[in-house]
Amino acid sequence: MADVPPGVKGMNDILPPEVSKWQFLEEKARGVLEAFAYRELRTPVLEYTPLFVRSVGEVTDVVEKQMYTFDDRDGRSVSLRPEGTASAVRAYVERAQWNKEPVTRWYYLGPMFRHERAQRGRLRQFHQVGAEWFGVDQPSADAEMIAMLVTILEEIGLPRSSLQIVLNSLGAPEERAAYRDALVAFYDDHRGKLDEDSLRRLQTNPLRILDSKSPEIVALNHSAPVLLETLSDQSKDRFHQVTARLDDLKVPYTLDPRLVRGLDYYTATIFEIKTTAGELGAQNTICGGGRYDRLVESLSGPPTPAIGFALGIERALLALSEPAESFESAVSVFFAPMDAASLAYALPIAHRLRVAGIRVEIEHRPASHKNLGNQLKRADKLRARLAVIIGGNEIASGNLTVKDLAHGTQSEIPAADLESKIHQLLD
Ligand code: HAM
């Protein structure tokens with residue numbers, strides 16, 4: 001027989017019990033987002049390619065090298081979404097959302113796709129929980145969003161002391177353009193030290209050179225002009241207000257005047273959070289975001305300030321050291337029928353409990369699996385609290401044998417009272 005074709009590289013199956021850890025994170029994140037008055041948005045995973053080219057940016061790594069782009073059967077270029085902001089803005093503009101809700105708060109959860117070099121914490125299909133907030137440009141909003149993000153991380157069990165919250169401001173687009181010119185002049189003076197990649201970026205997107213990992217360029221960058229220092233008083237003052245509101249909210253942060261983000265749409269405040277928790281290694285940036293006050297307008301909407309973030313779910317989960325099993329709810333009751341007739345008798349009873357929301361497993365397999373010892377072993381493996389044993393005697397008397405597996409006790413319970421008794425025992 002031919003081997004099964006393997007799953008796509010960098011795209012994972014998420015099986016139980018691991019999936020319980022995901023559900024835990026998703027539930028916690030939703031809880032916090034809903035408390036901050038965000039509402040869920042669901043958009044398709046496929047978009048026409050120009051959306052990403054015009055928002056994320058034509059000369060970003062994401063668009064240049066990482067998108068899954070192909071022509072659909074109508075010959076139109078489509079791409080699997082590499083991130084969620086572009087789709088949210090498209091939906092916002094296409095639906096004229098500003099008419100319905102001048103202040104719109106949306107969140108989303110779902111898969112994103114980037115053809116990166118796959119390694120621990122870096123996948124080709126990964127998942128984000130993200131939020132986008134349209135219509136407010138007050139510095140207090142930036143602080144609120146960062147504080148919300150920290151709350152999500154704390155709720156999932158990452159201590160605040162393990163988080164490093166890094167901020168910078170890119171100022172207004174005009175200021176960034178002036179900075180870009182200053183940067184080009186600086187790198188031009190040091191052309192001899194630039195590698196091939198940086199020389200190319202010098203032509204296309206010089207800010208990205210600041211993000212280079214090459215040791216020579218990192219050293220050179222120490223003497224490069226610093227954006228935060230070149231900003232107007234107005235931009236500096238705005239940024240100062242963001243940090244003042246973070247102080248009010250008791251959110252600790254560090255300023256990194258060299259922080260640049262890999263996506264082109266940002267203006268003013270940008271941020272990233274790294275963690276020292278868990279097993280993340282080099283990929284320890286678990287979330288990032290910032291303001292993008294010009295993006296709605298550049299995609300043909302009215303001028304609308306906006307800010308957002310996205311948290312990488314895989315990376316956040318790698319930071320949580322508890323084993324996946326501890327997130328899984330165990331089976332509550334294991335039904336152990338001793339033969340086929342007992343199974344027929346037990347099935348409607350088990351059904352009743354299940355309809356009442358109790359987590360029940362029942363052994364359906366034939367006689368060889370119906371040995372009591374084997375069944376109790378399986379109940380143990382499933383971490384069942386109770387086992388209900390049903391054989392000829394139980395059918396004849398109408399009393400079921402209920403074994404409390406945690407305490408090792410046993411009782412006879414009339415079939416009709418089983419549900420209430422089980423509730424009692426489980427409490
Ligand atoms: P991003 O920084 O590109 O921002 O991604 C956010 C987070 O997604 C990262 O911090 C990381 O945890 C996770 N992530 C990104 N790429 C991968 C990958 N290949 N494998 C695993 N995890 C990954 C955005 O996507 C923006 N849309 C955030 C935003 C929303 N800005 C404004 N609104």
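User: Which residues does Q375 touch, leaving out those up to four places away in sequence?
Analyst: Contact means heavy atoms within 4.5 Å. This is a predicted model, and Q375 is found in its helix α15, residues 372–381. Not counting residues up to four places away in sequence, Q375 touches F334, F335, A336, P337, M338, E363, H369 and K370.

User: Is Q375 buried or exposed?
Analyst: A residue counts as buried under 20% relative accessible area. Q375 has a relative accessible area of 1%, so Q375 is buried.

User: What about E58: buried or exposed?
Analyst: E58 lies in the loop between α2 (49–55) and α3 (61–66). Exposed means over 50% relative accessible area. At 58%, E58 is exposed.

User: Which residues is E58 in contact with, leaving aside neighbours within four places in sequence?
Analyst: Set aside the neighbours within four places in sequence. The contacts of E58 are then V53, V63 and E64.

User: What distance separates the C-alpha atoms of E58 and T204?
Analyst: Along the chain, E58 and T204 are 146 residues apart.

User: How many Å apart are the end C-alpha atoms of helix α7, and what span should its residues give?
Analyst: Helix α7 runs over residues 173–189, which is 17 residues. At 1.5 Å a residue, α7 should span 24 Å. The end C-alpha atoms agree with this, as they are apart by 24 Å.

User: Which residues of α7 are buried, and within what arc do they fall?
Analyst: The buried residues of α7 are E175, Y179, L183, F186 and Y187. They line one face of the helix, because seen down the axis of α7 they fall within an arc of 105°.

User: What covers the buried residues of α7?
Analyst: Several helices take part in the cover. It includes α8 (196–204), α9 (215–221), α10 (227–230) and α11 (233–248).

User: How many helices and strands does the protein have, and what is its radius of gyration?
Analyst: The protein has 17 helices and 16 strands. For 427 residues the globule rule gives 22 Å. The protein is well over that, so it is more spread out than a compact globule, with a radius of gyration of 28 Å.

User: What box do the C-alpha atoms fill?
Analyst: The box is taken along the principal axes. The C-alpha atoms of the protein fill roughly 95 × 60 × 45 Å.

User: What separates the centres of domain 1 and domain 2?
Analyst: The domain assignment gives domain 1 as 18–172 + 232–318. It gives domain 2 as 329–426. Taken over C-alpha atoms, the centres of domain 1 and domain 2 are separated by 48 Å.

User: Where is the cis peptide bond that involves P17, and what is its omega?
Analyst: Most peptide bonds are trans. P17 is found in the segment before α1 (18–35). A cis peptide bond joins P16 and P17, with omega about 5°.

User: What is phi of A37, and what is phi of K250?
Analyst: Most residues other than glycine have a negative phi. A37 lies in the loop between α1 and β1 (39–40), and K250 lies in the loop between α11 and β8 (254–255). Neither is a glycine, yet phi is positive in both. The values are near 70° for A37 and about 60° for K250.

User: Is K250 buried or exposed?
Analyst: The cut-off for exposed is over 50%. K250 has a relative accessible area of 64%, so K250 is exposed.

Terms used:
Residues are numbered from 1 along each chain as its sequence is written. This is a predicted model: local features need pLDDT of at least 70, side-chain atom pairs count only at pLDDT 80 or more; totals for chains, interfaces and linings use all residues. Side-chain values use heavy atoms; hydrogens and water are left out. Helices (H or I, at least four residues) and strands (E, at least two) are DSSP runs, numbered from the N terminus. The expected span of a helix is 1.5 Å times one less than its number of residues. Buried means under 20% relative accessible area, exposed over 50%, partly exposed in between (1.4 Å probe, protein chains only). The arc is that of the directions from the helix axis to the C-beta atoms. Domain bounds come from an automatic or database domain assignment. The radius of gyration is taken over C-alpha atoms; the globule rule is 2.2 Å times the number of residues to the power 0.38.
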